[in-house]
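This report is for a reader meeting the structure for the first time. Please look over the sequence and the structure before reading on.

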Amino acid sequence: MLSMHVFADGAALAAALADFVASKLAARVARDGGASLAVSGGRTPTRFFEALSARDLPWSKIGITLVDERWVRETSDRSNARLVREHLLKGPAAAARFVALANDAPTPEDGLFAINEALEDLYWPLACAVLGMGEDGHTASFFPGGDRLAEVLDPEATLGLMPMRAPGAGEPRITLTLPVLLAADALALHIEGEGKRPVLQAALADGPVEEMPVRAVLRAPRPPDIFWCP
Ligand SMILES: O=C(O)[C@H](O)[C@@H](O)[C@H](O)[C@H](O)COP(=O)(O)O
């Protein structure tokens with residue numbers, strides 16, 4: 001069953017999504033002594049990051065990483081890590097441990113090993129993953145036409161992190177795979193803007209996953225909580 005949370009505006013959504021994520025993190029810290037969160041980049045999450053960063057959580061026991069990243073340096077305004085550092089890793093949340101999904105290697109393939117090693121220090125499975133959705137129906141870096149789309153969507157995928165290149169992706173990307181996201185205690189799909197309403201409607205309708213890869217998440221046995229506002 002899909003849970004759809006609809007808000008009047010981005011501020012109300014950000015507060016509610018921060019509460020949702022904070023409760024999942026707190027529950028895992030209480031159970032396991034630590035917890036991890038994976039967040040998306042792009043333009044949508046800024047307000048949510050600001051709200052979450054102020055939440056009273058045992059941040060030193062919390063690890064944060066990204067759902068996906070563009071293969072750029074952190075000086076680029078396309079860097080999702082930069083967005084996280086500027087808007088989430090501040091105030092109380094500055095005590096969290098952040099593992100970036102990009103490094104100085106020339107390609108994602110070259111950088112993958114070191115990133116996987118760093119990710120091993122986080123708590124797995126994730127307590128929560130927050131996904132976004134693009135107007136082409138992608139989520140994470142599961143892009144229509146992506147060169148490794150079938151591999152990242154494979155429910156039996158043994159790799160947790162894979163490079164991805166796609167016509168609509170801009171730079172080469174790196175992304176967590178579907179099984180890693182679906183193993184999270186909770187999944188949220190954060191969508192803002194009237195322009196994305198018909199995209200979400202189309203994604204919820206019948207049709208091939210390859211055309212709108214966000215369908216892989218929407219059709220999962222435990223689908224995400226959708227947080228939406230115009
Ligand atoms: O790096 C990225 O691009 C993201 O992680 C991506 O999956 C994003 O969530 C959607 O593209 C929505 O992006 P916007 O929020 O910019 O619309």
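Axes here are lines fitted to C-alpha atoms, for helices over the stretch in contact, and angles run from 0 to 180 degrees between N-to-C directions. Helices are DSSP runs (H or I, at least four residues), numbered from the N terminus.

## Basis of the model

The model is predicted, with local features needing pLDDT of at least 70 and side-chain atom pairs counting only at pLDDT 80 or more, while totals for chains, interfaces and linings use all residues. Residues are numbered from 1 along each chain as its sequence is written, and side-chain values use heavy atoms, with hydrogens and water left out.

## Helices α1 and α2

The axes of helix α1 (residues 10-32) and α2 come within 8 Å and cross at roughly 50 degrees. The two helices are therefore oblique to each other, a word for angles that are not under 35 degrees (roughly parallel), over 145 (roughly antiparallel) or 65 to 115 (roughly perpendicular).

In this contact (heavy atoms within 4.5 Å), Arg47, Phe48, Ala51 and Leu52 of α2 meet residues of α1 including Gly10, Leu17 and Val21.

## Helices α2 and α3

Helix α2 (residues 46-53) and helix α3 (residues 80-87) have axes that come within 9 Å and cross at roughly 40 degrees. That makes α2 oblique to α3. Thr46, Phe49, Glu50 and Ser53 in α2 meet Leu83, Val84, Glu86 and His87 in α3.

## The ligand

The ligand is surrounded by 15 residues, the closest being Arg43, Thr44, Asp68, Asn80 and His138. A polar side-chain atom of Asp68 lies 2.4 Å from an oxygen atom of the ligand, and for Arg70 the corresponding distance to a ligand oxygen is 2.7 Å.

Methods:
Near = heavy atom within 4 Å. Polar contact = N/O pair within 3.5 Å; in protein donor to acceptor, adjacent residues only side chain to side chain.
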